[in-house]
Amino acid sequence: MTTNHLKLYHSTSSPNSRRVRMFLAEKGQTVSLAPLDLAKGEQHSDAYRAINPRRVVPTLVLEDGTAIGEVPAIWRYLEEVYPTPTLLGSTPKDKALVIMWERRAELEGFAAVMEGVRNAAERLKGRAIAGHHDYDQIPALVERSKLRVKDFYADLNARLTEDPFVAGNHFSAADITALVTVDFATKGMSFAAPGEHRALNNWYEKVSSRPSAKA
């Protein structure tokens with residue numbers, strides 16, 4: 001279903017943008033897409049600053065002009081407007097578990113990869129932390145990032161020996177963040193999930209074959 005009253009500012013190279021595109025795909029919703037070329041610095045333009053002063057993607061703009069940034073906030077809006085299929089949990093307990101596991105995936109996995117990539121990439125010199133302030137890179141953090149990602153893979157593998165999906169028995173936003181994290185680490189750090197993590201690799205094969213993974 002196409003929802004022309006919503007516009008998503010995004011980038012095809014942005015893992016955070018992909019998290020929202022996957023969420024939309026799982027909902028069966030198509031919104032108007034406004035791509036930004038991050039390599040060319042289009043996120044720093046005056047026009048985009050007026051939409052999102054933090055100069056990051058994605059940003060969802062509503063029909064009345066309201067701009068919603070931050071992936072969890074965009075997800076919450078979309079879940080409320082398009083409640084099925086549920087991706088943030090259906091019961092109070094399920095909602096809490098999805099938020100818990102998704103946050104762990106973001107803090108322990110996604111953020112760890114982001115730390116390594118942003119402190120190493122030549123084009124991100126002076127932009128080691130996303131946002132409206134500029135920060136210099138700290139090369140030593142790249143090595144710590146690799147350790148964090150290694151631990152994340154081990155922890156995620158242990159989790160997936162207990163349940164088929166990250167937050168339990170059903171695919172959820174927690175799986176989206178975890179999948180995007182694995183792909184982000186593989187592409188951005190040449191750090192794929194180790195083959196010995198059998199549960200993790202079985203899960204990855206399952207979720208990466210979903211149509212939304214190509215969104």
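**Salt bridges and a tyrosine: a chat**

Glu70 is partly exposed, with a relative accessible area of 43%.

Me: Hi! Before we dig in, what kind of model is this?

Reply: Hello! This is a predicted model.

Me: Okay, back to Glu70. Which side chain does Glu70 meet in a salt bridge?

Reply: That would be Arg54, with N and O 2.9 Å apart. The pair links distant parts of the chain, 16 residues apart. Arg54 sits in the loop between α2 (46-51) and β3 (59-61), while Glu70 is in the loop between β4 (67-69) and α3.

Me: And Arg54, is that one buried or partly exposed?

Reply: Arg54 is partly exposed, because its relative accessibility is 30% and the buried class stops under 20%.

Me: Nice. How many salt bridges does the structure hold?

Reply: There are 14 salt bridges in the structure. One of them joins the side chains of Arg19 and Glu106, at 3.2 Å from N to O.

Me: Where do Arg19 and Glu106 lie?

Reply: Arg19 belongs to helix α1 (residues 15-27) and Glu106 to helix α4 (residues 92-118). Those parts are 87 residues apart in sequence, so the pair ties them together.

Me: Is Arg19 buried or exposed?

Reply: Arg19 counts as buried, at 0% relative accessibility.

Me: Why can side chains like these pair up at all?

Reply: Opposite charges can pair when the charged atoms of the side chains come close.

Me: What about accessibility for Arg144 and Glu115?

Reply: Arg144 is partly exposed, with a relative accessible area of 45%. Glu115, on the other hand, counts as buried at 12%.

Me: Which residues are joined into one network by shared partners?

Reply: Arg19, Glu102 and Glu106 are, through salt bridges that share partners.

Me: Switching topic! Where is Tyr77 found?

Reply: Tyr77 is in helix α3 (residues 71-81). Its relative accessible area is 24%, which makes Tyr77 partly exposed.

Me: What is Tyr77 in contact with, leaving aside neighbours within four places in sequence?

Reply: Tyr77 then has contacts with Leu6, Leu60, Leu62 and Ile68.

Me: And how far apart are Tyr77 and Leu60?

Reply: They are 17 residues apart in sequence and 9.5 Å apart in space, going from C-alpha to C-alpha.

How values were computed
Residues numbered from 1 in each chain as written. Predicted model: local features only at pLDDT ≥ 70, side-chain atom pairs only at ≥ 80, totals over all residues. Heavy atoms only, no water. Helix = DSSP H or I, 4+ residues; strand = E, 2+ residues; numbered from the N terminus. Buried < 20%, exposed > 50% of the residue type's maximum accessible area, 1.4 Å probe, protein only. Contact = heavy atoms within 4.5 Å. Salt bridge = Lys/Arg side-chain N within 4 Å of Asp/Glu carboxyl O.
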